[in-house]
Amino acid sequence: KVRAYGYPTFVATDSVKVQKLIGENTIMTPHCCHGTDRVMRTNLLGTYEKVVNVQGDNPDVTLDIVERIISALDNEYVVNGYKKCESARQSQVGVRLKGDHIVNYSRDTQEKGYVATGFHGYHRVAKYIYQNSKPSWRESDYGVEQFRWLDNGVRIQGVDLGDWDGIEINTQEDYNEWKQRR
């Protein structure tokens, strides 16, 4: 979808199967723990000043989301989209906000009022910071890659996606719900 919006679009993967399906504009990477690590291992931030990471499990990307993520990168080096959520699914990651910045992530379903989405943005400077930061214990223990930024003193600009009703597909249940909406 992003390519249709006129932006250079690439798929970073360690899968030869995915590379064969996608064809051109595929960037092969070694095995990575998460999408942020995968983006940081490419040269995209050497070529482009700003990169929007639309995670592959997020099929409902819109032009508005891409442009809002890009715009927010004028203020901070790391950006993450979020949305209000009345009842979160177990597969979602909650966010705690202070103003328009994300200050914590949680897999505790009781803490959810806002949830992170698979839309991330990185300024070129973020790659340098990432390469010079160590993974934090929270990144490892909770499986939430954004903790590396927070635990190394990097501010994360939140982008409120408003009434976006897409689903991040992490489980079979998520996929079934997404299919029902179509």
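Two strands count as paired when DSSP finds at least two bridges between them. With that in hand, here is a friendly tour of a predicted model, a protein with eight helices and eight strands. Helices (H or I, at least four residues) and strands (E, at least two) are DSSP runs, numbered from the N terminus. Residues are numbered from 1 along each chain as its sequence is written, and side-chain values use heavy atoms, with hydrogens and water left out. Because the model is predicted, local features need pLDDT of at least 70 and side-chain atom pairs count only at pLDDT 80 or more, while totals for chains, interfaces and linings use all residues.

**Overall build**

- The protein has a radius of gyration of 16 Å, which agrees with the value near 16 Å for a compact globule of 182 residues. This radius is taken over C-alpha atoms, and the globule rule is 2.2 Å times the number of residues to the power 0.38.
- Along the principal axes, the C-alpha atoms fill a box of roughly 40 × 40 × 30 Å.
- Of the 182 residues, 45% are buried; buried means under 20% relative accessible area, exposed over 50%, and partly exposed in between (1.4 Å probe, protein chains only).
- Among contacts between residues at least 6 apart in sequence, 62% join residues at least 24 apart, where contact means heavy atoms within 4.5 Å.
- The accessible surface comes to about 10000 Å², and carbon and sulfur atoms hold 48% of that. Accessible areas come from the Shrake-Rupley method with a 1.4 Å probe, and for residues only the protein chains shown count as cover.

- S3 runs antiparallel to strand S7 (residues 114-123), and five bridges join the two.
- Which residue of S7 is the bridge partner of Val51? It is Tyr122.

**Strand S6 and its neighbours**

- Five of the six residues in strand S6 (residues 101-106) are buried, so the strand is mostly covered.
- Strand S5 (residues 94-98) pairs with S6 in the antiparallel sense over five bridges, and Gly94 has Ser106 as its bridge partner in S6.
- S5 and S6 form a hairpin with two residues between them, and Gly99 in the turn has a positive phi of about 65°.
- S6 also pairs with strand S8 (residues 156-160), again in the antiparallel sense, over two bridges. Here His101 stands opposite Gln157 in S8.

- Asn25 lies in the loop between helix H1 (16-22) and strand S2 (26-28). Although Asn25 is not a glycine, it has a positive phi of about 65°, and its 29% relative accessibility makes it partly exposed.
- Asp74 sits in the loop between helix H4 (63-72) and strand S4 (78-84), and it counts as exposed at 55% relative accessibility. Its C-alpha atom is separated by 9.2 Å from that of Lys50, 24 residues apart along the chain.
- Ala12 belongs to strand S1 (residues 11-13) and is partly exposed, with a relative accessible area of 25%. Leaving aside neighbours within four places in sequence, Ala12 is in contact with Ile27, Thr29, Arg38 and Thr42.
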